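Thanks for coming, everyone. I'll take one structure today and walk through its sheet, its helices and its charged pairs. Please have a look at it first.

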Amino acid sequence: DDLAVALSAISSRAIHLNQFITRFRTFSGLPPPNRKPCQLHDLTDNVYQLMRQSVLDNGIKLDNKVVYSQLLMVDGGQIEQVLINLITNALEAFALLDTHDGIDQIQQITLESGHLTDGRAYIDIKDSGGGISAAAITNIFVPFFTTKSNGSGIGLALAKRIMVQHGGDLIYLTNEDLEKISVPSTGACFRVLF
């Protein structure tokens, strides 16, 4: 009996290690961006069309606000993957919300493209969920850090790495950041910077 328990534990551990190695290979094997001209609004529209039905199936509203667009030299597939990862994270966060708290709030995810005063273009991915805890904010871009019981911890780290390889960045806008730009500070807001 002890041998069977030990072999079962070894087998379980081997499966988890294999999953870890697969996730690490995905993270470390990111190819360099294959840059081509792409309109900013085309990126958000493609992702909007791709994710719209999935988001609606979860009872959540998805908006695509094009405030500004410009021609960018980016790997469209990689940038779309960043946006998909962020929308997927928002969907998963909504699934974790306690819907029995008596608050009737519209569940919504918004893609909004714009530009800063210094000319850099950005896409904000905002949701009306519960936001990210202050304790987790400092680690959210660390590879393999996760607050989800079944999360891999590579989605945000991979998204950030893609943006850095494009010469941009991926940042989390805190409530204080949002208040400075007069945006309501409910939920989470990630900014994809070009």
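One definition before anything else: a helix here is a DSSP run of H or I with at least four residues, and helices are numbered from the N terminus. With that in hand, look just past helix H5. H5 is followed by Gly167, and the phi of Gly167 is positive, near 80°. Keep in mind that this is a predicted model.

Let's start with the sheet. It is open, it has five strands, and the order is S2-S4-S5-S7-S6. The pairing is mixed. Which strands sit at the edges? Strand S2, 61–66, and strand S6, 169–172, each pairing on one side only. Neighbouring strands are turned by 15° against each other on average, ignoring direction.

Now go along the sheet, pair by pair. S2 and strand S4, residues 108–115, run parallel and share six bridges. There, Leu62 stands opposite Ile109 of S4. Next, S4 to S5. These two are antiparallel, joined by seven bridges. Glu112 has Asp124 in S5 as its bridge partner. S4 and S5 form a hairpin with five residues between the strands. In that hairpin, Gly119 takes a positive phi, near 95°.

Next step: S5 to S7. Again antiparallel, this time over five bridges. Two pairs to click on. Lys126 has Cys189 in S7 as its bridge partner. Ile123 stands opposite Val192 in S7.

How many of its residues are buried? Seven of the seven, so S5 is largely enclosed by the rest of the structure. The cut-off for buried is under 20% relative accessible area. In a regular strand, side chains alternate between the two faces of the sheet. Check that against S5. Ala121, Ile123, Ile125 and Asp127 point one way. Tyr122, Asp124 and Lys126 point the other way. All of them are buried, charged side chains such as Asp124 and Lys126 included.

On to the helices. What lies across S2, S4 and strand S5? Helix H2 does, and it runs at about 170° to S2. H2 also has a helix partner. Two packed helices are described by the angle between their axes and the distance between the axes. For H2, residues 40–57, and H3, residues 76–96, the angle is about 35° and the axes are 10 Å apart. The crossing is right-handed. On the H2 side, the contact includes Leu43, Val47, Leu50 and Met51. On the H3 side, it includes Ile79, Leu83, Ile84 and Ile87. The residues of this contact divide into 10 nonpolar, four polar and one charged.

Back to H5, residues 155–165, where Ala157 is found. Is Ala157 buried or exposed? Its relative accessibility is 4%, so Ala157 counts as buried. The other buried residues of H5 include Leu156, Leu158, Ile162 and Met163. Ala157 also has a partner from elsewhere in the chain. Pro143 is 14 residues away in sequence, yet the C-alpha atoms are 5.2 Å apart.

Finally, the charges. Side chains of opposite charge can pair when their charged atoms come close. How many salt bridges does the whole structure hold? Five. I'll show some of them. Asp169 pairs with Lys160, N to O at 2.7 Å. Both ends count as partly exposed: Asp169 at 24%, Lys160 at 22%. Asp118 pairs with Arg120, and the closest N and O atoms are 2.9 Å apart. Arg120 is partly exposed, at 37%. Then Asp63 with Lys61, at 3.9 Å. The cut-off is 4 Å, so this pair counts. Asp63 is buried, at 18%, while Lys61 is partly exposed, at 43%.

That's my tour. Questions, please.

Key: Residues numbered from 1 in each chain as written. Predicted model: local features only at pLDDT ≥ 70, side-chain atom pairs only at ≥ 80, totals over all residues. Heavy atoms only, no water. Buried < 20%, exposed > 50% of the residue type's maximum accessible area, 1.4 Å probe, protein only. Salt bridge = Lys/Arg side-chain N within 4 Å of Asp/Glu carboxyl O. Axes fitted to C-alpha atoms, helices over the stretch in contact; angles between N-to-C directions. Left-handed = near helix turned anticlockwise from the far one by under 90°. Contact = heavy atoms within 4.5 Å. Pairing = 2+ DSSP bridges.
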